[in-house]
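Welcome, and please have a look at the chain shown here. The report below walks through its strands, its cores and its disulfides.

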Amino acid sequence: MTADPRRFFRVSRAGRRRALGWSAVVIALALGFSPMSAPAQAAGSVPAAAEAGTAVGLYSNSVKPKTRAASKKAVNVGVRFSSSAPGQIVGLRFYRTTKQKKAYVASLWTTGGRLLARATFPKSSKSGWQSVRFTTPVTATAGTTYVASYLASDGRYPVVRKAFAKPYTRTPLTVPKNGGVSLTAKTSKMPTRSYSSSSYLVDVLFSPSVSVATPSPSPSPTASASPTASASPTASASPTASASPTASATPTASASPTTPASGVPAPAASGKRWQLTFSDEFSGSGVDSSKWSTCFDWNYGSCSDSPNQGRERYMASQVRVSNGVANLVAEPLSPAASAGSCYQGRCDYKSGMLTTARLRADDGSAYRYSFTYGYVEARLKLASKPGFFTAFWMLPNNPNYSYDTEIDIAEVLGGNPNTVFMNYHYNGRGTAYTPNVGNGNNGACQVKDYTKDFVRIGVDWQANHIAWYIDGVKCGQFNGNTSTIENGPMHIILEQMVDNDWQRNWKLTAASGASDKVQVDYLRVYQQR
């Protein structure tokens, strides 16, 4: 969810304090890109979830430079790239070193030097991967080379020597040999020169619009050795496929499972039973702070804003508990708040979320709740109006915000009520699997308007599979092992977004002054014992 990308998708606080000592290790550019890259508090960043595979790029968020330029001279740095599939270039991102604190102009060019789009990375004192979105995405033609760049006006940009000594591909994107380019200039110009086959850690946010392969949802666990993976759908009617996992699948649950516990549609392994380990029935009059935070994990005291260039600022006041239901309310915010992570720098909506993340990231708070393997289910009344987006998802516990995996239990766009998008992102969140065979398809689950009534939505996450359920019916299953499936603790996020980039691309935006809510009847976690 994506978020959010997805289906986001970071910046290590310890790493920001660490001196950038320079070893030649260089991150072998075995790069898997995770679309949502840095804490939302970092202006212009795209941290997590609902992006959910709607954008891909060249680099994994685990990539960090071991060298930076010593010079303070202004230099345009960038990368040449092409895509094997058509789509949209929705923005750019770059790795900000500890010495780069200014705002930087980002540009997208044709190789002939024609400017296609421009945006500005807001100034920030936080290092790490940061993103910016173009107001209007640029349509990209398959096989055409483009140049993405930014003006490092005070130098000190990262340098990874020999990174592009030979062509590099991260499906569907390719950088040619010597594809890292630079040009010394005090104004924004297209960089044209390659030096030492260097990469300057400039990246692109690319949203493919064609399907290379479509997954085949399985109504029961299988032992397929190589599941077909695909990214979350973009404006295309079918999802975009990305590289299949290389690891072989391990056997799924035992063929003779025990009888599922009441309310748990997924079978337990032989000799085990489901046991309720976390729940909230929302029977009180307010949010139980021993179970929930109302801000993303990267809250440093001012809560958190949209992770995907949406319009919402999250506030505790927007989670209202009454009559056995938690209401996540999104409504206009006046006056609007300024934030680089919101669309056009303005958060003009306030909204609610529930997450089992930490209350704050800077005071030693523990995660409210996290777990490894189990069945998670919520009974929800989804937001229905265009512009309002229900995201129910999970991220690994990582105080450094480097998320290599993401489970999107459900993403539902208001105004597109028949599709419950389900995704698993892995390999640095550069590879994805979904049961959805395009828009208007829920794998083996029914296609209908899911916003009219309460619906049970769940996921069974185990060491060898991840399976999605709607109203007790299994929609599809990803089979893998601990090399492809997350094997560490994760926390839960349930939120309502407003007019994020996915919704704008699909022209499903909020009417002036509109409001909506997501209603949560219960949320429960079962584990096998």
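## Terms and model

Buried residues have under 20% relative accessible area, exposed ones over 50%, and partly exposed ones fall in between (1.4 Å probe, protein chains only). This is a predicted model, in which local features need pLDDT of at least 70 and side-chain atom pairs count only at pLDDT 80 or more, while totals for chains, interfaces and linings use all residues. Residues are numbered from 1 along each chain as its sequence is written, and side-chain values use heavy atoms, with hydrogens and water left out.

## The chain as a whole

Let us begin with the overall picture. The chain has two helices and 27 strands, where helices (H or I, at least four residues) and strands (E, at least two) are DSSP runs numbered from the N terminus. Of its 529 residues, 61% count as buried.

## A hairpin and a buried serine

Strands β3 (residues 104–110) and β4 (residues 115–121) run antiparallel and are joined by six bridges; two strands pair if DSSP finds at least two bridges between them. Within this pairing, Ser107 stands opposite Arg118 in β4. Four residues lie between the two strands of the hairpin, and Gly113 takes a positive phi near 95° there.

Ser83 belongs to strand β1 (residues 75–83) and is buried, with a relative accessible area of 6%. A polar atom of the Ser83 side chain lies 2.6 Å from the backbone oxygen of Ala85. Leaving aside residues up to four places away in sequence, Ser83 touches Ala142, Gly143, Thr144, Pro172, Leu173 and Phe206, contact meaning heavy atoms within 4.5 Å.

## Two nonpolar cores

A nonpolar core is a set of buried Ala, Val, Leu, Ile, Met, Phe, Trp, Tyr and Cys residues joined through side-chain atoms within 4.5 Å. Which residues touch the most other members of the largest nonpolar core? Of its 51 residues, they are Val376, Phe392, Met394, Ile407, Ile457, Trp468 and Leu523. The contacts of Met394, not counting residues up to four places away in sequence, include Phe371, Val376, Ile407, Trp461 and His491. There is also a second, separate core of 41 residues, with Phe81, Ala106, Ala119 and Tyr150 among them.

## Disulfides

How many disulfides does a search of the whole structure find? It finds three, a disulfide being a pair of cysteine sulfur atoms within 2.5 Å. Counting bonded cysteines along the chain, they follow the pattern 1-2, 3-4, 5-6.

Cys295 and Cys303 are linked with their sulfur atoms 2.2 Å apart, and this link is left-handed, with -115° about the S-S bond. Cys295 is buried at a relative accessible area of 9%, and Cys303 is buried at 9%. Cys342 is joined to Cys347 with an S to S distance of 2.0 Å; here the link is right-handed, with 95° about the S-S bond, and both Cys342 and Cys347 are buried.

The sulfur atoms of Cys445 and Cys475 lie 2.1 Å apart, in a left-handed link with -90° about the S-S bond. Cys445 lies in the loop between β22 (431–433) and β23 (455–462) and Cys475 in strand β25 (residues 473–479), so the pair ties together parts that are 30 residues apart in sequence. Cys445 and Cys475 are both buried.

Terms used:
Polar contact = N/O pair within 3.5 Å; in protein donor to acceptor, adjacent residues only side chain to side chain.
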